[in-house]
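Reader: Hi! I have a protein model open and I'm new to this. Could you walk me through it?

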Amino acid sequence: MSMISGIQGQLLEITVVSCNKLKDTEWISRQDPYVCLEYGSTKFRTRTCTDGGKNPTFQEKFVFTLIEGLQEINVVVWNSNTLTYDDFIGSGKIQLQKVLSMGYDDTAWPIQTKTGRHAGEVRLIMFYANANKQATSYAPSYTAPQPHTPMYSAPSYAAPAAAYQTPSPYPAYPPHSAAYPPTPYPPPQTTAYTPVYPPPSAYPPISYPAHSAYPPASYPPPTLDYSYPPAGPYPGTYPPRPY
């Protein structure tokens, strides 16, 4: 079996889907299986499927870092016990050549007991993003057809450049003087018309009387006299009563 190189440090995703037709290690109750994966020094374990019996379901994904030259994974299925040691159900080896070359693998892998008897299957879905697909191995060879050469070729024809003119994008109309007869009326002359209104300078200026033309006011200006009348014959005293 060929080895695929260039996988050192790449990532491989493995989903433990389920187990089918496992060997039953319980006599009274249903067994509680779980799955262990081992690749190099990396080990993963699924949860325990309580009362999973012979067909437990897991749906758990794990990510492994690939090692150059190591292209198989060990899988072991156990039955979980509370008071005693866990029971060994079966083990097997998962080959990675298919997923490393094609990028995807969905297979139910068989497991065996310690004596080599069939102990059921473990279904795994594996995904490898950096698959090294060989085009010569998986794709048929394909040669692009050559362009077809017609038996009869059209004669070469080149129109003289002077025989054709580039058409104008606008339709050709006769000039205005040729399409319509001349009008009997002479064109208006702008200088022949006299203005109806005289310019502003033609009007006489409006005369307003100056401020000095008004007659002076007829009222004499008031005299300001702030002196008090002279005192009577009795200064400082009231006049005697007339009796």
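**Cysteines, salt bridges and the core**

Author: Happy to! Let's begin with a cysteine: the sulfur of C49 lies 8.8 Å from the closest cysteine sulfur, that of C19, which is too far for a bond. A disulfide here is a pair of cysteine sulfur atoms within 2.5 Å. Before we go on, this is a predicted model, where local features need pLDDT of at least 70 and side-chain atom pairs count only at pLDDT 80 or more, while totals for chains, interfaces and linings use all residues. Residues are numbered from 1 along each chain as its sequence is written, and side-chain values use heavy atoms, leaving out hydrogens and water.

Reader: Which residue does D105 pair with?

Author: D105 forms a salt bridge with K98, and their closest N and O atoms are 3.8 Å apart. D105 is buried, at 1% relative accessibility, whereas K98 is partly exposed at 42%.

Reader: Nice. And what does D106 meet in a salt bridge?

Author: The side chain of D106 meets that of R123, at 3.0 Å from N to O. This pair also links distant parts of the chain: D106 is in strand β7 (residues 104-112) and R123 in strand β8 (residues 118-127), 17 residues apart. D106 is partly exposed at 33%, and R123 is partly exposed at 31%.

Reader: Changing topic: what's the overall layout in helices and strands?

Author: The protein has three helices and eight strands. Along the sequence they follow the pattern β-β-β-β-β-β-α-β-β-α-α.

Reader: How much of the protein is buried?

Author: Of its 243 residues, 23% count as buried.

Reader: Which residues touch the most others in the largest nonpolar core?

Author: That core has 30 residues, and L12, V35, L37 and L96 touch the most other members. Among the elements that each supply at least two residues are β1 (11-20), β2 (33-39), β4 (57-65) and α1 (97-102). A nonpolar core is a set of buried Ala, Val, Leu, Ile, Met, Phe, Trp, Tyr and Cys residues joined through side-chain atoms within 4.5 Å. In soluble globular proteins, nonpolar side chains tend to be buried together.

Reader: I'd like to zoom in on L37. What does L37 touch?

Author: Leaving out residues up to four places away in sequence, the residues that L37 touches include I14, V16, F44, F62, F64, I73 and V75. Contact means heavy atoms within 4.5 Å.

Reader: How do β2 and β3 run?

Author: Antiparallel, with four bridges joining β2 to strand β3 (residues 42-45). Two strands pair if DSSP finds at least two bridges between them. C36 stands opposite R45 in β3. The hairpin of β2 and β3 has two residues between the strands, and in this hairpin G40 takes a positive phi near 65 degrees.

Reader: Which residue other than glycine has a positive phi?

Author: K21 is one of them, with phi near 55 degrees. K21 sits in the loop between β1 and β2 and is exposed, with a relative accessible area of 67%. D51 also has a positive phi, about 55 degrees, and is not a glycine. D51 lies in the loop between β3 and β4 and is partly exposed at 44%. Most residues other than glycine have a negative phi.

Conventions: Salt bridge = Lys/Arg side-chain N within 4 Å of Asp/Glu carboxyl O. Buried < 20%, exposed > 50% of the residue type's maximum accessible area, 1.4 Å probe, protein only.
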